[in-house]
Amino acid sequence: MPTFNFVWRSAYHDSVSLMRLTRALEAVTGVRRAAAMMGTEPNRALLTRAGLLADEGQKAAPTDLVIAVEAEDGEAARAAEAVAREQLTARRPPAAGGPAAPVSRPRTLDSALRALPGATVALVSVPGLYAAAEARKALQAGLHVMLFSDNVPLEEEVALKRLARARGLLLMGPDCGTAIIGGVPLGFANAVPRGRIGLAAASGTGLQEVACLLARAGEGVSHAIGVGSRDLSDAVGAVTMQQALAALAADPDTEVVAVIGKPPGPDVARRLEKAIAGLGKPAAVHFVGGPAGSLEDCARQAVALARGTHAEPVEFTLPAGEVARLREQAVAGLAPGQRFVRGLYGGGTLAGAAA
């Protein structure tokens, strides 16, 4: 099937809406595969590897939207583009008995604040090139910030976090995809009950996994604070993680704290050890890729701490001999010389845990 690209100039949309859009495009008659991505260099590389990038898409700028489809013919491709236009410019359903109202899309932070003057949090999701400037405006306006955007320069992240700390505000991110504050989901979030365990995480998928495991065990989440994937590096200094821990320590609804992330830098590790010891509350800690434990162990330990019991380690549910038999059976099916089994995981933390 031929590949078609439609490029919409200066038409930014966040990854959540574009993932939903991709499903709608692939449901169009005559369309075999589809993707909707901003025209950044990494995204164009992904489209190339998928065989979905045409000449038009190759010329796209980072602020342009690329609609890519593999379709039977041009008519099916244009039908897919029409669906995309309809999806991304949809109107809200009308109120009972009233006319349809257009979706409110403020063009600036100032207009957003005029529309919602009581706001206390800004969720920033724009291309990384512009994200720091928008986050800085929000902090200067007295707002906490969830910085969903990635590709923010490291020096900008450090400066923003120091500004937030100086103003008594939280900067969650960059590359912070999930949080639950006071029961309110931000970005991607799982439907879990409110409860007595607070999470502070430098790993979005790790936070989501532990929150779900807590819910499965019958516990709930007081707050789940994402800090951004680079926060625990020595270069950033765990600025937001330390603020998150202090907030959970002061929160009367949080009885137990769970700390999740990739292994911290040496300086940050010493700083975090001191901060966790000074919480005044029991804590479960897991750094993905570390020498011991797992996300499951972290969740089980947090539940045990909340209930005053002992956490048993996670074990295989099959006898060891059966596990060995299944392993040998899998190896027997590999081609001569094959050394790897490939897996596709949603999120770097889950991929690291699986490895």
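At what angle do helix α6 and helix α7 pack, and how far apart are their axes? I looked this up first.

**Ground rules.** I am working with a predicted model, where local features need pLDDT of at least 70, side-chain atom pairs count only at pLDDT 80 or more, and totals for chains, interfaces and linings use all residues. Residues are numbered from 1 along each chain as its sequence is written, and side-chain values use heavy atoms, with hydrogens and water left out.

**α6 and α7.** I find helix α6 (residues 128–140) and helix α7 (residues 154–166) packed at about 5°, with axes 10 Å apart. Therefore α6 is roughly parallel to α7 (angles under 35 degrees count as such). Axes are lines fitted to C-alpha atoms, for helices over the stretch in contact, and angles run from 0 to 180 degrees between N-to-C directions. Helices (H or I, at least four residues) and strands (E, at least two) are DSSP runs, numbered from the N terminus. In α6, A132, A135, R136, L139 and Q140 meet E156, A159, L160, L163 and A164 of α7 (contact means heavy atoms within 4.5 Å). I note seven nonpolar, one polar and two charged residues in this contact. Ala, Val, Leu, Ile, Met, Phe, Trp, Tyr, Cys and Pro count as nonpolar, Asp, Glu, Lys and Arg as charged, and the others, Gly among them, as polar.

**α7 and α9.** The axes of α7 and helix α9 (residues 239–250) come within 9 Å and cross at roughly 30°. So this pair is roughly parallel too. K161, A164 and R165 in α7 meet V239, T240 and Q243 in α9. The classes here are two nonpolar, two polar and two charged.

**The sheet.** Which order do the three strands take? I read β1-β3-β2, an open sheet with antiparallel pairing (two strands pair if DSSP finds at least two bridges between them). β1 (3–8) and β2 (31–38) are at the edges with a single partner strand each, so one side of each has no neighbour in the sheet. Seven bridges join β2 to β3 (residues 65–71). V31 stands opposite A71 in β3. Helix α1 (residues 15–26) lies across β2 and β3, at about 160° to β2. Helix α4 (residues 74–88) lies across β1, β2 and β3, at about 35° to β1.

Conventions. Parallel < 35°, antiparallel > 145°, perpendicular 65-115°, else oblique.
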